[in-house]
Amino acid sequence: MTGGPLSHPSQGREVDAYVALGSNLGDREAHLAAAIEALRARPAVRVTAVSAVYETAPVGPPPQGPYLNAVVRLRTQLAPRALLACLLEIEAARGRQRSAGRWSARTLDLDLLFYGSLILDEPGLRVPHPHLHERAFVLEPLCDVAPGLLHPVLGKTVEDLARNVRDPGTVVAFRPGSGARIPEKADE
């Protein structure tokens with residue numbers, strides 16, 4: 001484990017955390033909206049910002065449909081491992097089956113991107129997310145909520161990282177259809 005200023009956060013101390021949301025099975029809009037509402041319902045978690053929703057091509061073996069992606073900023077008192085457990089519970093409640101394989105289609109994918117300025121490398125939990133700097137489908141929505149956020153390992157802002165992988169044809173703003181709407185308002 002590598003520790004930064006928040007390597008051992010104490011219970012009760014609030015930290016900003018960023019979570020990527022993705023879905024490419026079933027009612028994608030409803031899955032994202034339900035995940036946001038489930039986060040809002042959790043004790044010790046406040047949703048403070050929600051990005052726009054983007055549609056992206058799948059990464060992984062075909063055939064798969066396109067993804068919807070978004071990012072939320074949370075203010076939380078949960079420790080990183082407890083927050084990860086919360087995310088996994090929400091995925092499972094929406095029908096996520098992790099046994100299907102790493103690049104398989106999914107109803108819901110929730111990835112912990114940042115937890116304050118913590119640098120953590122443990123089995124099953126790496127923060128910052130080890131691949132976020134390579135993924136335009138994560139960086140574009142992350143730019144909506146935290147363009148100036150500094151990556152504690154790479155020493156670059158989210159906007160700088162996004163600029164390096166930006167391809168306007170692969171990450172496009174999603175026009176909501178007739179399904180469930182993504183909540184845009186942050187918690188008060």
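Tyr18 and Phe114 are both buried in this predicted model. These two residues form the 1 aromatic pair found in a search of the whole structure. Their ring centres lie 6.3 Å apart and their planes stand at 90 degrees, so the arrangement is edge-to-face. The pair connects distant parts of the chain, with Tyr18 placed in strand E1 and Phe114 in strand E5, 96 residues apart.

The nonpolar interior was examined next. In soluble globular proteins, nonpolar side chains tend to be buried together. The largest nonpolar core comprises 31 residues, of which Leu39, Val72, Leu74, Leu110 and Leu112 touch the most other members. At least two residues of this core come from each of E1, H1, strand E2 (45–50), E4, H2, E5 and E7. Helix H2 gives the most to the core, with 5 residues. Beyond its neighbours within four places in sequence, Leu112 is in contact with Ala17, Tyr18 and Val19, with Pro80, Leu83 and Leu87, and with Leu125, Arg126, Val127 and His129. Another core, of 16 residues, lies apart from the largest one and has Val71, Leu139, Ala146 and Ala162 among its members.

Helix H2 (residues 80–93) has 14 residues and spans 20 Å from its first C-alpha to its last, close to the 20 Å expected at 1.5 Å a residue. Its buried residues are Pro80, Leu83, Leu84, Cys86, Leu87, Ile90 and Glu91. Viewed down the helix axis, the buried residues of H2 fall within an arc of 155 degrees, so they line one face of the helix. They pack against E1, helix H1 (28–41), E4, strand E5 (109–115), E6 and strand E7 (125–127). Gly95, which follows H2, has a positive phi, near 90 degrees.

Side chains of opposite charge can pair when their charged atoms come close. The structure contains 13 salt bridges. One of them joins Arg75 to Asp16, with the closest N and O atoms 3.3 Å apart.

Glu122 counts as partly exposed at 24% relative accessibility, and Arg81 is partly exposed with a relative accessible area of 38%.

Within helix H4 (residues 158–165), Arg163 and Asp160 are 3 residues apart, about one turn of the helix. These residues form a salt bridge in which the closest N and O atoms are 2.8 Å apart. Asp160 is partly exposed, with a relative accessible area of 29%. Through salt bridges that share partners, Asp160 and Arg163 are joined with Glu140, Glu159 and Arg166 into one network.

Key: Residues numbered from 1 in each chain as written. Predicted model: local features only at pLDDT ≥ 70, side-chain atom pairs only at ≥ 80, totals over all residues. Heavy atoms only, no water. Salt bridge = Lys/Arg side-chain N within 4 Å of Asp/Glu carboxyl O. Helix = DSSP H or I, 4+ residues; strand = E, 2+ residues; numbered from the N terminus. Buried < 20%, exposed > 50% of the residue type's maximum accessible area, 1.4 Å probe, protein only. Expected span 1.5 Å × (residues − 1). Arc of directions from axis to C-beta. Contact = heavy atoms within 4.5 Å. Phe/Tyr/Trp six-rings, centres within 6.5 Å; stacked < 30°, edge-to-face > 60°. Core = buried A, V, L, I, M, F, W, Y, C linked by side-chain atoms within 4.5 Å.
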